Amino acid sequence: MGQICHVTDMKLIKELLSQDEALENIVVNGWVRSRRDSKAFSFFALNDGSCVGNLQVIVDAGIPGSEKMTEANTGASVSITGNLVPSPGKNQKWELQAVEFRLLGGAPEDFPLQKKGHTREFLREIAHLRPRTNLFGAVFRIRSRATLAVHQFFQERGFHNVHTPILTTSDCEGAGEMFQVVVPDKKEEFFGEPAFLTVSGQLEGETFATALSRIYTFGPTFRAENSNTSRHAAEFWMIEPEIAFCDLKGDMDLAEDFLCAVIRDTLDYCAEDIEFLNKFVDKELLARLEGIVAEPFARISYREALELLEKSGKSFEYEYNFESGLQSEHERYLCEEYFQKPTIVFDYPKSVKPFYMKQNDDGETVAAMDVLVPGIGEIIGGSQREDDLEVLTKAVEEHEIDAKHYEWYVELRKYGSVPHAGFGLGFERLIMLLTGVSNIRDVIPFPRTPGNCKF
Ligand code: 4AD
Ligand code: MG
């Protein structure tokens, strides 16, 4: 058997050839994207998911294994040994001249991903096969790389990754959007009290930030909000850094650095996939990403945001006032039309934010911030945390949440309390930003949304 190569390795071939390395007898495994037959030979377009490009393979009739060729329809898996040679065709520089053909798994002609384009809706119905398309290949290679970029960003800055629990008894955001965990047919509670799937690792994250100083979580979170939008999923991944000895300004700086670093990494390491997405999904993707990292984000207070909405003279569907918070149409006006770049809104009214946020001296606002990006709206939400024992105890009462579930959290303010801050980035919204894909269902392998938990 020759050396096993990936299609992506073929990109290195030119250099290898110029160094006179033998490119004979290499083995490429993959799935057939298409086959064209002529009398004496067949052309295969082979893809193994390592990159967006296919490898053209020529299989002469009569080589070992070639009798199985006719079963190798679109979707079949094959293992082909051959020699890489310059291609006379104009679509590729190199092609593989097969010397041995091995059919691994055939595919009947009803394989759903034939060459014609499919709608995203149809592809969601076959989520077990859609990773084999160019689009989903590109999205999930970017998702994988972005995962590394997230860890790299924090680890390089001395943050420690903490695995916060998925099962919990406290509702961090206090929005009542939790899924309850029950054991079927058991009357008594498994944990002795009602337990839920976490909406956020923040509260547990804070306990580690007040010990290791800089931490981040990166895990699945769950929300039973019944919102059927293109930006909400019932299960999504969140990254939550938490920093001791840090205020809101430091928090906003970190959020901005973080977003830009992951975008730069994607531009550097996923250039081919970005190019593909720019061509076929969103023609402004590349320019938008390059624009985001080119200049500082806009930063405005919530009160200033209201003034800008007022001045816009636009008629919005939803009303806005100090108490109402911002709807997504308002957020999008600010970052898409007014600033035309990522915009951080800070100092929100206390009434629209959770109990744990640091109260400002004005008595009306909290040291909260949301990062809004064009095309998506809110991508990050964060705040400085209330570090005063008395004020936090009162906030728990005012929000009418069950104090006994938060005793340990409040106690962090009793023993060595420090100013601290953090934020949460919705990982799927980040992947939407990085890929230009406009529906959250298409950037997570198996989306969970109201009415849909298939696969
Ligand atoms: O603004 P949120 O609710 O903030 C928190 O959960 C805080 N505990 C974060 C923190 O300070 N540590 O959620 C944070 C982000 C949002 O900005 C959004 O990007 C994403 O999580 N998000 C969702 N993504 C997909 N589907 C949903 N249903 C989401 N809800 C929030
Ligand atoms: Mg939020």
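**Ground rules.** I worked from a predicted model, where local features need pLDDT of at least 70, side-chain atom pairs count only at pLDDT 80 or more, and totals for chains, interfaces and linings use all residues. Residues are numbered from 1 along each chain as its sequence is written, and side-chain values use heavy atoms, with hydrogens and water left out.

**Domains.** I looked up the division of the chain and found domain 1 (3-105) and domain 2 (124-442), with bounds from an automatic or database domain assignment. Their centres, taken over C-alpha atoms, are 44 Å apart. Eight residues from domain 1 and seven residues from domain 2 make the contact (heavy atoms within 4.5 Å).

**Interface.** I then checked the area buried between domain 1 and domain 2, which is about 650 Å², 40% of it from carbon and sulfur atoms; this is the accessible area (1.4 Å probe) that two parts lose on being put together, summed over both.

**Gln-384.** Next I turned to Gln-384, which sits in strand E16 (residues 377-384); strands are DSSP runs of at least two residues (E), numbered from the N terminus. Is Gln-384 buried or exposed? I noted it as buried, at a relative accessible area of 11% (buried means under 20%, with a 1.4 Å probe and protein chains only). Its side chain reaches the backbone nitrogen of Leu-248 at 3.1 Å. Beyond neighbours within four places in sequence, the contacts of Gln-384 include Tyr-356, Ala-367 and His-420.

Note on methods:
Chains lettered and ligands numbered in written order. Helix = DSSP H or I, 4+ residues; strand = E, 2+ residues; numbered from the N terminus. Buried < 20%, exposed > 50% of the residue type's maximum accessible area, 1.4 Å probe, protein only. Polar contact = N/O pair within 3.5 Å; in protein donor to acceptor, adjacent residues only side chain to side chain.
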